[in-house]
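I opened the model to look up a few helix contacts and charge pairs. My notes follow in the order I took them.

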Amino acid sequence: MRTASPFRKEELNPREVKEIFGPHIQAADANRLLRIIHGRRVAGTLDDPDLQQNTAQYSPSDKVVALDYLRKHIPVDEIVNAGLRAEDELRLLEEQEQYAEATEPNPETEKAAAKVQEPTQAPIGKLPRKPKSDSPYGESTIDRIRARNMAKQAAEEARLEEERARREEEEQMAGETRLSTERSQPQYVSPWRRKHAERATSNLEAPPDKAMWERLLPAFAMSALVLFAAYLATEMYKPPTRSMRLWPDIPPAAATCLALILANVAVFGLWKFPPAWPLLNRYLLLSSAVPRPLQLIGAIFSHQSGLSHLIPNMAGLWFFGVRLHDEVGRGNFLAIYFTSGTLGFLTSLTWLVATGSFHVTTLGASSAIWGVIAAYFWLHRDDEFKIFGYPPDPWKGPQGVIFLGLLLGLNVSALFSKRRSLMDIPSHLGGFFAGALGVDLVLKRMDGRARVRAEKLKNMGVLDKALEQKTGSKPVAKDTPVPSVPTGSS
């Protein structure tokens, strides 16, 4: 129930009240006085003596201070509002006079008419208050105009909402009609393409009834085999000589990443070749209903969409893969790439089987790429990065660990997006953590080898080292006397 008009969004706090009125008045009382006076300014009843009783408990000086403050900070055209108020009162007087002239006095009904007119007629000189209204400043023309405008706005909003609902219904009916037409008139498919599509389609009516461990055990065994192969690659790989390289004029990092990119592009081309569909569906597409161990590796090279899937993945492989390759070497890079991809798909398969999502299939190099990106930033977790020279000196750029947190948050937030059904977030997270852990193990192994090599060079004499590199002979024992080398000038 409204008692006064607010003069601003937030009322004055005690400190402001003290600065304006002094310490003798409470903040609640001061704000109430300001609301009442501001309401009278808006209603045009500022000088109405009949309404002064609502502020009778306030001193005249406080009223003057309140009015001065409002006129200074909340401008209102008091003259125009008072004029509108006077027009309303004049119109009311004219209506009362016309009513009095049209009504003849009747002794029998005079008493009853007086009772009927008493609550609706107002004293001369002021507007009547509405029934059940406790406004201290009455109702002005602005209030009635506002009420009419609000009613018009509500009617307009109701009309627009009705039109929107009707338009959505029409669009839905049109979409259903179009879908029905498309179903009744399917696109033409050549017999050759239809034949290979039928060959590539499984004849299973439902997923095989298997226990969870029966679906996952072969995948875990394949993952363990990949991890063992990655360990052998890190321990036994030796770079080939220049004459044995396929592309001797290309740096090793670029050659490795380019080979992986060409393999992905080749598989993408096979998806456009219908005779290859049975093989691709069997080994290069991870199916939670019928999982096969080789799918964990084959799906890393498989993409069905070029613009939205293949190109972004290959761009990430080239940008981060070349840099990581240069720092850890080919054997370590390939170990991180394939273990991230395999463990990423193992994570995805475990999630799909655990949730019973046997209708879902997944593919793509995203898990391997996320592993490479996580490995690169984990390798440089304490280093600072600047993007296009920003932030400029002397400010420092964010560290690699910050980028790791942002990328991890990006994947986690994708779980709550509308497109989460189009992304294999579990494989991204699995590859992400596998890459970070893998490069940490590789880094420790590289540091250990460097310490062993430094210790070996430290125990080997400088002359012995030079003779060994020149002749390939074993170094002379430390207790064997070494013949002196004559010196002199020629």
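I call a residue buried under 20% relative accessible area, exposed over 50%, and partly exposed in between (1.4 Å probe, protein chains only). By that rule His325 is buried, with a relative accessible area of 4%.

Before going on, I noted that this is a predicted model, where local features need pLDDT of at least 70, side-chain atom pairs count only at pLDDT 80 or more, and totals for chains, interfaces and linings use all residues. Residues are numbered from 1 along each chain as its sequence is written, and side-chain values use heavy atoms, with hydrogens and water left out.

I placed His325 in helix H12 (residues 306-328). Helices here are DSSP runs (H or I, at least four residues), numbered from the N terminus. Which residues does His325 touch, leaving aside neighbours within four places in sequence? I found Pro252, Ala253, Thr256, Arg330 and Phe333. Contact means heavy atoms within 4.5 Å.

Asp326 also lies in helix H12. Is Asp326 buried or exposed? Asp326 counts as exposed, at 58% relative accessibility. I also checked Asp326 against Ala254: they are 72 residues apart in sequence, and their C-alpha atoms are 9.1 Å apart in space.

**Entry: H9 with H13**

Next I took helix H9 (residues 252-270) and H13. Their axes come within 10 Å and cross at roughly 30°. The axes are lines fitted to C-alpha atoms, for helices over the stretch in contact, and angles run from 0 to 180 degrees between N-to-C directions. Angles under 35 degrees count as roughly parallel, over 145 as roughly antiparallel, 65 to 115 as roughly perpendicular, and the rest as oblique. H9 and H13 are therefore roughly parallel to each other.

The crossing of H9 and H13 is right-handed. A crossing is right-handed if the near helix is turned clockwise from the far one by less than a right angle, and left-handed if anticlockwise. From H9, the contact uses Pro252, Ala255, Thr256, Cys257, Leu260 and Asn264; from H13, it uses Arg330, Phe333, Leu334, Tyr337 and Phe338. By class I have eight nonpolar, two polar and one charged residues in the contact of H9 with H13. Ala, Val, Leu, Ile, Met, Phe, Trp, Tyr, Cys and Pro count as nonpolar, Asp, Glu, Lys and Arg as charged, and the others, Gly among them, as polar.

I see Pro252 and Thr256 of H9 again in this contact. Both also touch His325.

**Entry: H13 with H16**

I then followed H13 (residues 330-354) to helix H16 (residues 425-459). Their axes come within 7 Å and cross at roughly 145°. The crossing of H13 and H16 is right-handed. On the H13 side I listed residues including Ser340, Gly344, Thr347 and Ser348. On the H16 side the residues include Gly430, Gly431, Ala434, Gly435 and Gly438. The contact of H13 with H16 has nine nonpolar, eleven polar and no charged residues.

**Entry: H15 with H16**

Helix H15 (residues 400-414) packs on H16 at an angle of about 160°, with the axes 9 Å apart. H15 and H16 are therefore roughly antiparallel to each other. H15 passes H16 in a left-handed crossing. I read off Leu404, Leu407, Leu408, Asn411 and Ala414 of H15, against Ile425, His428, Leu429, Phe432 and Phe433 of H16. The contact of H15 with H16 divides into eight nonpolar, two polar and no charged residues.

**Entry: salt bridges**

Side chains of opposite charge can pair when their charged atoms come close. How many salt bridges does the structure hold? I have ten. A salt bridge is a side-chain nitrogen of Lys or Arg within 4 Å of a carboxyl oxygen of Asp or Glu.

Arg164 pairs with Glu168, the closest N and O atoms being 2.5 Å apart. The two are four residues apart in helix H6 (residues 141-184), so about one helical turn separates them. Arg164 is partly exposed, at 32%, and Glu168 is partly exposed at 41%.

Glu235 pairs with Arg445, with the closest N and O atoms 2.8 Å apart. Glu235 lies in helix H8 (residues 212-236) and Arg445 in helix H16, so the pair ties together parts that are 210 residues apart in sequence. Glu235 is partly exposed at 26%, and Arg445 is partly exposed at 41%.

Arg242 and Asp249 also meet in a salt bridge (2.8 Å, N to O). Arg242 is exposed at 52%, and Asp249 is exposed at 66%. Last, I noted that salt bridges with shared partners join Glu156, Arg159 and Glu163 into one network.
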